[in-house]
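Work through these exercises with the structure open beside you. Try each task before you read its solution.

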Amino acid sequence: MISQYRSAVCIFGKYMQNNLPLMLSPINFPCDNSQQVRTIKKHWNPKYKKERREKFIKIELPNYDNSGDMSKERLRSEMKKYGLIPQRIWNERPNVVSCTPNIFESYVVPEGDGKFSTITKEGAKQKFEFIGKKGKSMLAINKIKSYEDTFSTKLFTEQATDIYKKAHEALAAKDEEKLIQYVTETAFPQMMHNMTDKTIHWQFLESLEPARLVHARCTSVLTKENIFAQVTIRFHTQQILCIYDRFGRVVMGSEILRKDVLDYVVFEKHLSNEYGVWRIHGKIVPSWMPPEEVPPKTYTLRKPEDDLTEKPVESVAETVPPETLGEQSTQDTSAATR
């Protein structure tokens, strides 16, 4: 019955494919009882069983269940055995360019600045040179104003003076969190250098001359849209500085003596950053200025040599001459037998 049913299904399928009438199907396929069967039992000869087995290459499959329990060395050796390259740990570190590494196009300080007035010949010459170099600075100031609408040279000098005071007060107090708000990442290690075991007393007294903007430059870093601005401000002030070492001794300056200080401080701002602020980036030291006073290093005094040398220990044992060693041994043995 099953074979007849299969043959009927096969005939019906052929009839449907040829679009023939149902009555003509027995005429077209009168004796078509053949059907393709996939499960035909083929003859299998056990002979040459070994040869047939050697035709295939045995592959040792990895055990993925135990891969999580392996140590790093074991996992690396297993991957090396299968010809796999161990995957490296990828740690992506963000790169933030918040400041420039140095001062670009630094201001050339005229020789003798702060000593000559504008009435003298040398002072008038310095004033004329300053006006001649003001062209590039004006272009840079216009560039800054395109990013910062409220920028003004007069207001900025007051802001720069306030930043200058707060930065030095934070440096004297050794408040690093507050200091990084007023100085850039380039100036921070330079200001904190050699500050350990020292006490600083700093005080801003007055300005001998009003602070003024003498130099301004803009530059792009990496891309044209990433623009930084640097402005040089001239400070001529009176300050008090006194530095104490770790033993409380004065190594530099005085808390009573006033000193006239002439500084050319460079302020920097990341103009492309919407939240960028003006911070101290560095200081220009002219080559003609006298060298600054360097505080001496302090050391602990070493103990005198008499205290360091060890005194010989006196022996309390009785000294016995070598000639009487034999007699003393016989006396000891006789006393022991008694």
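Predicted model: local features only at pLDDT ≥ 70, side-chain atom pairs only at ≥ 80, totals over all residues.

Residues are numbered from 1 along each chain as its sequence is written, and side-chain values use heavy atoms, with hydrogens and water left out.

**Exercise 1. Trace the pairing of strand E2.**

Task: Find which strands pair with E2, and in what sense.

Solution. Start with the terms. Helices (H or I, at least four residues) and strands (E, at least two) are DSSP runs, numbered from the N terminus. Two strands pair if DSSP finds at least two bridges between them.

Step 1. Take E1 (residues 199–220). E1 and E2 are antiparallel, with 17 bridges. Threonine 199 faces tyrosine 244 in E2. The two strands form a hairpin with six residues between them. In its turn, leucine 222 has a positive phi of about 70°.

Step 2. Take E3 (residues 250–253). E3 pairs with E2 over three bridges, again antiparallel. Cysteine 242 has glycine 253 in E3 as its bridge partner. E2 and E3 also form a hairpin, with five residues between them. Glycine 248 in that turn has a positive phi of about 80°.

Step 3. Take E4. E2 and E4 run antiparallel and are joined by 12 bridges. Histidine 236 stands opposite leucine 262 in E4.

Step 4. Check the cover. Buried means under 20% relative accessible area, exposed over 50%, and partly exposed in between (1.4 Å probe, protein chains only). In E2 (residues 227–244), 17 of the 18 residues are buried, so the strand is largely enclosed by the rest of the structure.

**Exercise 2. Classify two aromatic pairs.**

Task: How are the rings of tyrosine 107 and tyrosine 264 arranged, and how are those of phenylalanine 156 and phenylalanine 267?

Solution. Rings of Phe, Tyr and Trp (its six-membered ring) pair if their centres lie within 6.5 Å; planes under 30 degrees apart count as stacked, over 60 as edge-to-face and the rest as tilted. The structure holds eight such pairs.

Step 1. Tyrosine 107 and tyrosine 264 have ring centres 5.8 Å apart and planes at 35°, so this pair is tilted. Tyrosine 107 sits in the loop between H4 and H5, and tyrosine 264 in E4 (residues 259–270), 157 residues apart. Both tyrosine 107 and tyrosine 264 are buried.

Step 2. Phenylalanine 156 and phenylalanine 267 have ring centres 6.1 Å apart and planes at 80°, so this pair is edge-to-face. The pair links helix H7 (residues 153–173) to strand E4, across 111 residues.

Step 3. Widen the view. Phe156 and Phe267 belong to one aromatic cluster that also includes Phe151, Tyr164, Phe235 and Trp278.

**Exercise 3. Find the centre of the core.**

Task: Which residues touch the most other members of the largest nonpolar core?

Solution. A nonpolar core is a set of buried Ala, Val, Leu, Ile, Met, Phe, Trp, Tyr and Cys residues joined through side-chain atoms within 4.5 Å.

Step 1. The largest core has 36 residues, and Phe156, Leu179, Val231, Ile233, Phe267 and Trp278 touch the most other members.

Step 2. H7 gives the largest share, seven residues.

Step 3. Check two members. Phenylalanine 156 is buried because its relative accessibility is 1%. Phenylalanine 267 is buried too, at 0%.

**Exercise 4. Look at a loop residue.**

Task: Is isoleucine 57 buried or exposed?

Solution. Isoleucine 57 lies in the loop between helix H3 (49–54) and helix H4 (72–81). Its relative accessible area is 76%, so isoleucine 57 is exposed.
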